[in-house]
Amino acid sequence: MFVTDKELETAIETALEAGYRHIGTAHVYENEEVIGNVLKRWIGAGKIKREDIFLVTKLPPVGMRPDGVRQYLRKSLDLLQVDYVDLYLVHVPFGFKDVEGDMILGDKTFDVDFSTDHQAIWKAMEEQVDKGLTKSIGLSNFNITQIQKILDNARIRPTSLQIELHEYHQQKALVEFCKKNNIVVTAYSPLGNPGLTTFFNKFGKKVELPNILKDPIVNQVAQKHNKSPAQILLKHIDQKGIYAIPKSTNPQRLRENMDLFDFKLEDTDVKTLNGLEKGVRLLDFTIFDGIKDHPEYPFPELR
């Protein structure tokens with residue numbers, strides 16, 4: 001889950017060399033500065049132009065108020081060393097009280113802010129588009145009810161929703177809702193996320209998460225197509241018209257995850273993989289004490 005700045009810098013360089021042009025981050029990941037340094041170096045050397053990169057970052061939970069939107073987007077732009085991002089997302093639908101103006105990833109000491117006002121926050125997000133600081137705006141980890149409330153009052157509609165989505169949690173109803181409303185769905189943790197076990201254990205939450213890459217059915221389909229399990233998982237998502245953003249710092253896997261376009265899953269493969277749905281959510285945010293009591297906790301089934 002955790003990598004050094006040097007490891008991350010190497011991974012970004014490798015990804016850019018392999019042809020990746022979509023870079024997704026968030027203020028709470030604390031890696032915007034490293035990404036900014038690499039982009040500045042590549043743009044300065046003429047290897048890429050700013051417009052070649054689709055750059056995404058997110059509003060942190062401690063910024064869930066109108067002035068927080070303005071404050072934290074400016075912080076992100078400064079760290080990324082760019083004049084604008086292509087997409088700015090509201091990271092989560094709930095908020096924390098802003099302590100000393102920042103937030104450390106995984107810090108459990110932040111107090112839940114129960115006064116989250118999505119409409120006021122979204123209006124501030126729209127203002128950032130007007131100012132040219134972001135090309136588009138969207139949401140992350142919102143449920144259907146929360147998204148609909150935004151749509152009902154939005155001047156600028158959300159263009160994208162980023163959610164946990166993989167074979168064990170396919171979110172069919174949410175994906176269908178987004179398609180009907182012309183909202184692009186992006187899947188995070190599309191390969192599952194074994195690294196989350198280390199992350200959770202670091203904060204005293206002992207968990208054993210399923211390893212989707214070792215699922216026997218996934219491996220059977222992989223053998224059939226002479227592809228890796230990761231490629232099968234990503235292809236399944238891709239054929240549904242969903243964007244996937246797998247996380248990796250391994251050079252071989254970075255290149256492998258791009259190699260998806262010389263094969264197609266058959267209808268029987270898709271049906272088989274659809275059948276792996278288990279309703280297993282890997283990230284429920286309960287590392288934050290009291291979060292289930294927040295009125296905007298997005299997973300009512302887990303209360």
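Reader: Leaving aside neighbours within four places in sequence, which residues is Lys235 in contact with?
Author: In this predicted model, where local features need pLDDT of at least 70, side-chain atom pairs count only at pLDDT 80 or more, and totals for chains, interfaces and linings use all residues, Lys235 is in contact (heavy atoms within 4.5 Å) with Leu260, Phe261, Phe263, Lys264 and Leu265. Residues are numbered from 1 along each chain as its sequence is written, and side-chain values use heavy atoms, with hydrogens and water left out.

Reader: Does Lys235 count as buried or exposed?
Author: Lys235 counts as buried, at 6% relative accessibility; buried means under 20% relative accessible area and exposed over 50%, with partly exposed in between, using a 1.4 Å probe and protein chains only.

Reader: And what lies 2.8 Å from a polar atom of its side chain, I mean that of Lys235?
Author: That is the backbone oxygen of Leu260.

Reader: Switching to α8, which of its residues are buried?
Author: In helix α8, residues 216-225, the buried ones are Val218, Val221, Ala222 and His225, helices being DSSP runs of H or I with at least four residues, numbered from the N terminus. Seen down the axis of α8, these buried residues fall within an arc of 105 degrees, so they line one face of the helix, the arc being that of the directions from the helix axis to the C-beta atoms.

Reader: What is exposed on the other side of α8?
Author: Pro216, Gln220 and Gln223 are exposed there, whereas the cover over the buried residues of α8 includes α9 (229-238) and α11 (267-274).

How values were computed
Helix = DSSP H or I, 4+ residues; strand = E, 2+ residues; numbered from the N terminus. Polar contact = N/O pair within 3.5 Å; in protein donor to acceptor, adjacent residues only side chain to side chain.
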